[in-house]
Amino acid sequence: MRQILDSLLRDALRSLEDSEGWTGLAGTSPELERSRDPRHGDFTSNVALRVAKRYGHNPREFAEALRGRLAASELIESVEVAGPGFVNLRLSAEAIHGELRRMLAEGESYGSSDAGGGRRVLVEYVSTNPTGPLHVGHGRNAAYGASLANLLRASGHAVDEEYYVNDAGRQIDILAASVWLRYVEALGNALPFPENAYQGGYVRDIAARLVELHGAALCGEVGPVAAVLGPATDGEDADARMDRLIAAIRRSAGEDAFHTVLDAALADILADIRDDLEAFSVRFDHWFSERSLTGGGAVERALKTLAADDHLYGKDGATWFRSSALGDDKDRVVVRENGATTYLASDIAYHLDKYERGYDIMLNVLGSDHHGYVARLQAAVEALTGHGERLEARLVQFVVLYRGDVKAQMSTRSGEFVTLRALREEVGNDAARFIYVSRSNDQHLDFDLELAKSQSNDNPVYYVQYAHARIASMLRRLADDGLRCPDAASVDLGALEQPEERALMVALGRFPELVRLAADNRAPHHVVHYVRAIAAEFHAWYNAQRILVDDTAVRDARVTLALAVRCVIRNALGLVGVSAPESM
């Protein structure tokens with residue numbers, strides 16, 4: 001609808017250019033927008049305010065001239081010039097009714113488009129280190145990323161979803177050390193447990209399974225490890241001491257035993273993460289292992305490519321990437337003095353791999369604590385490919401979970417956190433998914449547990465789902481009364497004479513525009529706000545007007561409108577991963 005009206009306005013501008021000789025007018029965008037106030041029509045354009053003076057006219061005169069050039073269309077009931085020069089268009093009944101019939105004919109595909117032109121997009125999200133269960137903060141990243149992938153598909157993109165498994169590096173070594181310490185503890189060797197090791201109960205569970213599978217075979221000599229856990233060396237910080245501890249465990253238990261512990265911990269935690277996300281209706285096309293980069297030579301190849309183009313240099317025994325020349329605030333180390341590559345080096349190789357897989361858009365969904373990391377990744381993609389614009393990052397702000405007036409902690413290292421699984425079990429997947437994307441990803445989110453569990457109009461997901469269930473209940477009553485469900489193609493929608501009915505139909509017709517807007521802006525919260533507004537309009541209409549009236553023409557028209565509401569609510573909820581129940 002909007003595209004057709006936009007085209008009519010462009011034709012009118014072209015006609016003015018041809019008749020008046022106003023060069024450049026035909027290329028001007030009408031910037032057609034939905035009217036905020038229905039008294040001002042359904043759409044409005046400020047084009048006259050923007051360009052009139054360029055051609056020696058005041059905006060109202062220009063708007064009147066444009067109005068006179070608009071071709072007659074069955075979609076437009078009236079065109080008015082308002083205020084200082086706004087052009088307001090009111091849709092005809094034929095246009096509104098035609099859109100209603102279209103949404104019912106298209107059903108589950110209504111709202112979708114080919115705007116993306118099949119461009120290939122890789123959405124990488126969650127990608128949390130596999131060092132413990134997912135917590136409620138990870139849940140927001142998962143809900144946002146999955147909803148974003150749905151929106152991009154609905155707007156005509158070819159989308160793959162990927163989880164990058166950080167299964168190499170220091171954090172994984174700390175996890176292995178934490179599990180080994182709990183393992184030897186379960187065998188009767190009481191050792192101090194470092195505060196900066198992983199504290200959660202899941203670490204003990206993994207250790208207990210290792211005892212069942214291997215007995216004491218992975219233990220080695222505990223004495224040298226106990227010595228490291230004794231009094232700290234003067235001036236030694238906690239991180240340096242942890243590195244000494246990891247080295248001592250490797251020597252005492254042996255590399256084979258250490259890797260057995262590490263692999264067991266990774267397998268256990270990744271299985272838990274996969275299961276948790278599957279139950280949350282978050283499914284990935286690929287699980288990409290960081291180890292595959294280091295083991296397959298991809299990191300070395302990426303660094304050689306950078307070096308060949310003079311993007312690397314040596315300083316203080318380390319190898320540095322000239323990222324500051326490509327938009328970063330400073331240069332970055334990619335190979336340390338000891339020859340070990342950095343986390344950034346692996347990420348550079350990973351993004352080269354993404355590019356070589358042929359993605360037009362590499363969309364990373366990151367936690368807000370990665371804000372400073374984006375510029376160096378964009379610099380790397382630009383240096384490697386010359387197409388840094390293909391990398392796009394969206395940051396997801398933190399979640400604060402409240403249980404009454406008490407804020408829950410979410411530190412994986414300390415073990416004091418609320419898991420995503422626990423949250424889902426308490427409030428349900430639908431409430432969690434809906435509330436997670438109810439605010440813009442760049443805003444902090446306070447998650448109210450009590451509100452999420454309540455069955456009241458104050459609970460946003462309950463309020464929307466109840467609208468869908470209400471329509472399903474109405475259809476069951478229709479069938480119980482022996483009445484047929486009307487055929488939208490033949491119903492006389494002119495029987496919908498109430499102002500709130502017209503307003504509801506117009507609002508439903510916004511859905512395709514809304515989907516594209518949400519996809520373009522990477523903003524699934526627009527869908528949440530829209531579907532809440534639709535539910536509110538529906539509930540107000542339903543409470544004010546009987547649907548199953550005796551007058552057949554009115555009843556059929558109102559049932560058809562209710563069916564359209566059901567279609568749009570179902571499709572909107574599906575985009576954010578929420579079910580549309582038939583009863584509540």
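How do the residues of the lining of the largest cavity divide by class, into nonpolar, polar and charged? By class, that lining has six nonpolar, one polar and two charged residues, where Ala, Val, Leu, Ile, Met, Phe, Trp, Tyr, Cys and Pro count as nonpolar, Asp, Glu, Lys and Arg as charged, and the others, Gly among them, as polar. This is a predicted model, in which local features need pLDDT of at least 70 and side-chain atom pairs count only at pLDDT 80 or more, while totals for chains, interfaces and linings use all residues. Residues are numbered from 1 along each chain as its sequence is written, and side-chain values use heavy atoms, with hydrogens and water left out.

**Cavities**

- The structure holds three cavities of 30 Å³ or more, a cavity being a set of points on a 1 Å grid over the protein atoms alone where a 1.4 Å probe fits but cannot get out.
- The largest cavity contains about 70 Å³ of space, a volume being the space filled by probe spheres set on the grid points, which are joined across faces, edges and corners.
- Its lining (residues with an atom within 4 Å of a point) consists of Met1, Arg34, Leu91, Ala95, Ile96, Glu99, Met505, Val506 and Gly509.
- Helix H4 (93-106) and H19 are the elements that give two or more residues to this lining, and H4 supplies the largest share, three residues; helices (H or I, at least four residues) and strands (E, at least two) are DSSP runs, numbered from the N terminus.

**Second largest pocket**

- About 880 Å³ of space lies in the second largest pocket, where a pocket is an open set with protein on both sides within 12 Å along at least five of seven lines.
- Its lining comprises 28 residues, and Arg34, Ser35, Asp42, Arg510 and Glu513 are those that lie nearest its centre.
- At least two lining residues each come from helix H1 (2-20), strand S1 (32-34), helix H19 (499-508), helix H20 (511-520) and helix H21 (525-544), with the largest share, six residues, coming from H21.
- By class, the lining of this pocket has ten nonpolar, five polar and 13 charged residues.

**Helix packing**

- Helix H12 (residues 298-308) packs against helix H13 (residues 343-356) at an angle of about 85°, with their axes 8 Å apart; axes are lines fitted to C-alpha atoms, for helices over the stretch in contact, and angles run from 0 to 180 degrees between N-to-C directions.
- H12 and H13 are therefore roughly perpendicular to each other, given that angles of 65 to 115 degrees count as roughly perpendicular, under 35 as roughly parallel, over 145 as roughly antiparallel and the rest as oblique.
- In this contact (heavy atoms within 4.5 Å), Ala298, Val299, Arg301, Ala302, Leu303 and Leu306 of H12 meet Ala345, Ser346, Ile348, Ala349, Leu352 and Glu356 of H13, a set with nine nonpolar, one polar and two charged residues.
- Helix H9 (residues 238-253) and H10 pack at an angle of about 115°, with their axes 6 Å apart, and the contact is made by Ile246, Ile249, Arg250 and Ala253 of H9 with Glu255, Ala257, Phe258 and His259 of H10.
- The residues of the contact of H9 with H10 divide into five nonpolar, one polar and two charged.
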